[in-house]
Amino acid sequence: MCATCGCGDETGTRITVPHEHPHDHEHPHDHEHPHDHEHPHDHDHTHEHPHEHPHEHATETVTLEQKVLAKNDLTAERNRGWLAGRGVLALNVMSSPGSGKTTLLERTIADIGGQRRVSVVEGDQETMLDANRIKATGCAVVQVNTGAGCHLEAEMMRDALTALDPEPNSLLFIENVGNLVCPALFDLGEKSRVVVISVTEGTDKPLKYPHMFAAANLVIVNKADLLPYVDFDVDLCTKYARSVNPDLRMITLSATTGQGIAQWYDWIAKQ
């Protein structure tokens, strides 16, 4: 159980390469944090006093959250070292559902895949739909299904890297689970973080989800071809985003038409 957000047990995670039979990874490593609270009712006394001690519960929650994130960060650093040793540039792409992450990756692979080897880790709670779309481009891909989990974690990333085995000096995209909250908390070992929003969403997204935008290196405003038909203010959204992260790079593009896409490729090249 994730103490930071209450999402499902990570042991339900499945790592699958398209066209292979899905299987459950039992993770040979020790899961120390889920067993810290295995028997919450082993108390000899009967709790006859009518009141609770909320400060004690708050302290336990903070301690457990620190343990979860500390363990994740340690694994993330190992992932980062493994990727750096191979010269693999890993970009963690995050967004709410429906922003166009997969469409952006499909176009990116088609446009620059001939210049540099590209592979993808796909994160979703269920299905192989996005992995199959990426597979159709000819790109190496592995699907991570998180079950009830709402984000990828460093251990999932480690197992995905083992299954994917990206080539040295290649480009790796990590398409995180669609969610603007929890993925911001979990380092996977990536080089940079990219947040994708679309003009069909609200201009005020950066104010509503500040932790995600504060953690980002780049924000892509996608579906620019729809700007004439929606009430979305790019300049105001940029202002909001930079109010929580002054160093943010902002790019407005359309993954469907290709409008502004060259800025995205230039940014990747500079990484």
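Is I134 buried or exposed in this structure? At 0% relative accessibility I134 counts as buried, where buried means under 20% relative accessible area, exposed over 50%, and partly exposed in between, with a 1.4 Å probe and protein chains only.

## Basis of the description

This is a predicted model, in which local features need pLDDT of at least 70 and side-chain atom pairs count only at pLDDT 80 or more, while totals for chains, interfaces and linings use all residues. Residues are numbered from 1 along each chain as its sequence is written, and side-chain values use heavy atoms, with hydrogens and water left out.

## The chain as a whole

The chain holds eight helices and eight strands, which are DSSP runs numbered from the N terminus (helices: H or I, at least four residues; strands: E, at least two). Of the 271 residues in the chain, 47% are buried. When contacts (heavy atoms within 4.5 Å) are taken between residues at least 6 apart in sequence, 75% of them join residues at least 24 apart.

## The surroundings of I134

I134 belongs to helix α3, which covers residues 129–135. Leaving aside neighbours within four places in sequence, the contacts of I134 are T102, L105, E106, I109, V120, E122, C139 and V141. One of these, V120, is 14 residues from I134 in sequence, and the two C-alpha atoms are 7.7 Å apart in space.

## The nonpolar cores

A nonpolar core is a set of buried Ala, Val, Leu, Ile, Met, Phe, Trp, Tyr and Cys residues joined through side-chain atoms within 4.5 Å. The largest one has 27 residues, and F173, W264 and I268 have the most contacts inside it. At least two residues of this core come from each of β2 (89–95), α2 (101–112), β3 (118–124), α3, β5 (171–175), β6 (192–198), β7 (218–222) and α8 (261–270), and α8 gives the most, with five residues.

Apart from neighbours within four places in sequence, I268 is in contact with L89, L91, T108, I112, L171 and F173. A second, separate core has 17 residues, including A184, I197, V219 and L248.

N72 lies in helix α1, residues 54–86, and counts as buried at 5% relative accessibility. Not counting residues up to four places away in sequence, N72 touches E153, A154, F186 and D187.

Helix α4 (residues 154–164) is largely enclosed by the rest of the structure, because eight of its 11 residues are buried. These buried residues are A154, E155, M156, M157, D159, A160, L161 and L164. After α4 comes D165, which has a positive phi near 50°.
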